[in-house]
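I opened this entry to keep track of what I looked up, in the order in which I looked.

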Amino acid sequence: MNMAKPKNLILSSTAFERVVHWVLAGSCLFLFLTGFGLMFHSLSFLADLFPGGYPIMKLLHNICGIVFGIAFLFALVAWGKDTLFFDEDDKKWFRVLGGYLWEVKEVPEAGKFNAGQKTFFMVLFLFWFVMVGTGIFMWFPIFSPAIIRWLYVFHALGVVVLGGFLVIHFYLGTYGNPGTFQVMGHGYVTKGWAKKHRAKWLRDVESGRRSI
Amino acid sequence: MEKVMLIDVSKCTACRGCQVACKQWNRLPGEKTQQQGTHQNPLDLTPFTWNLVRFTEIPTKDGGVRWLFRKDNCMHCTDPACQRACPVPGCIFTTAEGAVVIDKEKCIGCEYCVNVCPFEIPRYDKATNKVYKCTFCWDRISNGQIPACAKTCGPGAVTFGPKEKMIAQAHARAKALGGEAMVYGDKYVKGTHVIYVLPEKIRMYDKLAINPTIPISVYLWKDLLKPLSVLGIGAALVGTFFHYVIKGPKRPEEGGE
């Protein structure tokens, strides 16, 4: 047991998970900013932030893409086993959409992640593949123009999907769900939070069936 | 005023004076090539060959060969796909004369233009990490001169002048040639600033696009998904804001341990 554990708090994530999250979050944000700089002429001030301007911004976008691509592999190690499946409770969760949109009597209990979070991770998994797969060959266009020009379309589609997701993810992880931010902060949350958001996980941890 | 270069391939003798004049005016280096069994040399446009006379050999019934020549270079579209795709403001621009120019100082070598051009014209140079193509000699035409290739053309196959006049000339010439002869260019991508008079069907000429248009992928990318990305983020921001205001945050139960 962790002797430094604050009273009445429970550790909700490992340092590994938190670091992976912030590498993903940082690289994702950087990719969004530089990517928007490359998509919108009106955002040319973003290129001015880099010494050397556009060529350097493009190069850093490409390199950051590699960082993001590799960081997600670690994310798969960290969260794959808890996210890449749905159980019976998840199906019930979808029927009430977690109680987020209308009043429901009872929100089905979740494990470490609820069905919405799992969906988020699965979509991120899919678009990780799309963004890295298209990005690499936009950087090194070894195929014919007739193929490469469709990569631009799918890369932009990824921006549309991930852009909306990012905003919603930020909302649900911060002021939409008070107490949640520390899961990715120092890691400690109240037991009340854990009971509300991941009741099955809390039981498993308290009974020793899983460590975290 | 918009200008048009008229290439009347029926008058071309494949002397390749235009190729040389292009290299000379634009100070493009010569390139080592190898004999590949054709007079076409080099075999394709390169970052340093912006103007190429293409040779097509057509076997005739009596066992001989008929030549088709076509001077190939940027068509200078009125609606250039390359300019729509280019991520850097002002890097690809259109002049008052209709020249579509890549500012090589601004080019970042992303090759978007290479991959969307309906005529497959721009060429990427790895060493400089930039893309190059014909400039319509915009440094000459903006000073009242004609492009170097037109200036040097002996047989009068390459001429240059005001848009309407040249288009009228092209149609008159095609009519005079009769048969399959046609004008190529004035109807595509809102009109190209280089137009051909072709005595034969389009498909007879090496690498000549049959129905060139801006690829549908460019519209999906730049005119649909690009604005949608802002709309999507905006909608998510508005949506989460009103979720907070109307439904409110999800708080852990009071008194939870």
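I began in chain A, where helix 1 of chain A passes helix 3 of chain A in a left-handed crossing. This is a predicted model, and I read each value below as computed from it. I then looked up the geometry of the pair: the axes of helix 1 (residues 15-39) of chain A and helix 3 (residues 54-83) of chain A come within 8 Å and cross at roughly 150°. Since angles over 145 degrees count as roughly antiparallel, helix 1 of chain A and helix 3 of chain A are therefore roughly antiparallel to each other. For the make-up of this contact I noted 18 nonpolar, six polar and two charged residues.

Entry on confidence. For chain B the average pLDDT is 96, with 98% of the residues scoring at least 70.

Entry on the layout of chain A. I counted through the assignment and have nine helices and two strands for chain A. In sequence order the pattern of chain A reads β-α-α-α-α-α-α-α-β-α-α. Along its principal axes, the C-alpha trace of chain A spans about 55 × 40 × 30 Å.

Next I turned to helix 5 (residues 115-139) of chain A, which packs with helix 6 of chain A at an angle of about 145°, the axes being 9 Å apart. The crossing of helix 5 of chain A and helix 6 of chain A is left-handed. From helix 5 of chain A, the residues that meet helix 6 of chain A include A:Phe120, A:Phe127, A:Met131 and A:Phe137, while those from helix 6 of chain A include A:Leu151, A:Phe154, A:Gly158 and A:His169. By class I noted 14 nonpolar and five polar residues in this contact, and no charged ones.

Entry on the contact between chains. How many residues does each chain give to the contact? I find 35 residues from chain A and 35 residues from chain B. On the side of chain A that touches chain B, the elements giving two or more residues are helix 1, helix 3, helix 6 (145-173) and helix 8 (191-197) of chain A. Helix 6 of chain A gives the most to that side, with 15 residues. The side of chain A that touches chain B has 20 nonpolar, ten polar and five charged residues.

I then followed helix 6 of chain A across to helix 7 (residues 216-247) of chain B, where the two pack at an angle of about 0° with their axes 8 Å apart. That angle makes helix 6 of chain A roughly parallel to helix 7 of chain B. Their contact divides into 19 nonpolar, six polar and two charged residues.

Entry on chain B. The domain assignment of chain B gives domain 1 (3-204) and domain 2 (216-257). I looked up how far apart they sit, and the C-alpha centres of domain 1 of chain B and domain 2 of chain B lie 48 Å apart.

Entry on backbone details. Most residues other than glycine have a negative phi, and most peptide bonds are trans, so I looked for exceptions. The peptide bond from B:Asn41 to B:Pro42 is cis, with omega near -5°, and B:Pro42 lies in the loop between helix 1 (17-25) and strand 2 (52-59) of chain B. B:His76 is not a glycine, yet has a positive phi of about 50°; I place B:His76 in the loop between strand 3 (65-72) and helix 2 (81-85) of chain B.

Notes:
Residues numbered from 1 in each chain as written. Chains lettered and ligands numbered in written order. Predicted model: local features only at pLDDT ≥ 70, side-chain atom pairs only at ≥ 80, totals over all residues. Axes fitted to C-alpha atoms, helices over the stretch in contact; angles between N-to-C directions. Helix = DSSP H or I, 4+ residues; strand = E, 2+ residues; numbered from the N terminus. Parallel < 35°, antiparallel > 145°, perpendicular 65-115°, else oblique. Left-handed = near helix turned anticlockwise from the far one by under 90°. Nonpolar A, V, L, I, M, F, W, Y, C, P; charged D, E, K, R; others polar. Contact = placed C-beta atoms within 7 Å. Domains from an automatic or database assignment. pLDDT = per-residue confidence, 0-100.
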